[in-house]
Amino acid sequence: MYAIVDIAGKQFKVSKDQFIYAPSVTGDTGASVEFDRVLLMGDDNGFEVGSPIISGAKVTGTILDHGRGDKVIVFKKKRRKGYRKTQGHRQGYTKIMIDDVLAKGQKASAKTETKAAPAKEKAAPKQESKKSDASQDDLKAISGIGPVFEGELNQRGYTTFKQISKLTENEMEKLSEIDGVTADLIKNEDWVGQAKELMNPSEKKEAKAKEVTPDDLKEIVGIGPVFEKELHDRGYTTFAQISKLTEEDMETLAEVDGLTADLIKNEDWVGQAKKLMKK
């Protein structure tokens with residue numbers, strides 16, 4: 001038996017013991033799920049079409065995994081405005097094993113009813129170990145970070161106030177992949193400043209000792225007070241950092257009004273910075 005089922009606005013043709021990649025479904029790995037928006041059911045003897053759904057019919061399954069698809073790059077540009085913005089997005093998905101396709105009045109098989117139970121028991125210790133991790137700070141203490149954003153940050157390796165306190169402009173742009181998060185939001189909420197305040201005294205002392213004295217970037221031909229301020233905002237404060245600019249970094253800096261990757265190359269900021277380091 002097969003069915004056409006609607007999951008989060010998308011239609012899938014499913015049958016028993018196959019798996020599908022559906023839009024993100026709430027639930028832990030190993031949990032059982034049910035979908036009751038069955039649009040069509042069929043077998044070798046014919047098929048039944050719903051109007052729009054078949055009453056009482058449902059599809060049951062087990063969550064195998066959660067993940068995110070390939071990155072899609074979104075590039076925005078305004079002509080003659082010096083505005084460029086590159087943003088990535090990865091759509092979330094859930095891998096689901098179809099356990100049964102059930103018509104009205106049918107009951108799930110014994111295999112389906114008992115399949116998810118062991119998986120749930122295995123999933124619980126994993127969650128507890130994460131919460132008991134001593135090296136993980138409660139990022140929700142930062143204004144603007146809730147449970148959802150905290151989970152997304154943890155998945156990307158940000159688990160402590162110390163890491164948030166060191167966010168650069170490039171890292172903020174990468175975090176814009178998270179739905180609802182933008183570099184402007186991170187700056188406006190001052191996640192970096194809040195994280196510094198929330199760090200424990202020993203971490204604050206260590207961070208202060210490692211603070212680098214900014215160089216006068218205006219010594220580089222092509223960098224004036226405006227560009228220097230923009231570079232500082234993006235975490236570039238020393239000649240050493242400018243000397244290590246990559247092609248990708250230059251493209252990111254092209255978001256600054258009046259600044260392009262070609263200008264950085266033509267003025268040879270990297271070469272100038274290396275010479276200034278030797279003084």
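In this predicted model, Phe-19 is classed as partly exposed because its relative accessibility is 40%. The ring of Phe-19 pairs with that of Tyr-21 in an edge-to-face arrangement, with a centre-to-centre distance of 5.8 Å and an angle of 90 degrees between the planes. Tyr-21 likewise falls in the partly exposed class, at 45% relative accessibility.

Tyr-21 also takes part in a second contact, with Tyr-93. The centres of these two rings are 5.4 Å apart and their planes meet at 80 degrees, so the pair of Tyr-21 and Tyr-93 is edge-to-face; angles over 60 degrees are assigned to this category. Tyr-21 belongs to strand 3 (residues 19-23), whereas Tyr-93 belongs to strand 10 (residues 92-102), and the pair therefore ties together parts that are 72 residues apart in sequence. Tyr-93 has a relative accessible area of 24% and is therefore partly exposed, given that the buried class is limited to values under 20%.

The number of aromatic pairs in the model is two. Phe-19, Tyr-21 and Tyr-93 together make up one aromatic cluster.

Charged side chains were also examined in relation to aromatic rings. Lys-95 is positioned over the face of Phe-19, at a distance of 4.3 Å from the ring centre; Phe-19 is also a member of the aromatic cluster with Tyr-21 and Tyr-93. A further arrangement of this kind involves Lys-78, whose charged end sits over the ring of Tyr-83, 5.0 Å from the centre of that ring.

Definitions and conventions
Residues are numbered from 1 along each chain as its sequence is written. This is a predicted model: local features need pLDDT of at least 70, side-chain atom pairs count only at pLDDT 80 or more; totals for chains, interfaces and linings use all residues. Side-chain values use heavy atoms; hydrogens and water are left out. Rings of Phe, Tyr and Trp (its six-membered ring) pair if their centres lie within 6.5 Å; planes under 30 degrees apart count as stacked, over 60 as edge-to-face and the rest as tilted. Buried means under 20% relative accessible area, exposed over 50%, partly exposed in between (1.4 Å probe, protein chains only). Helices (H or I, at least four residues) and strands (E, at least two) are DSSP runs, numbered from the N terminus. A charge sits over a ring if NZ of Lys or CZ of Arg is within 6 Å of the ring centre and within 35 degrees of the ring normal.
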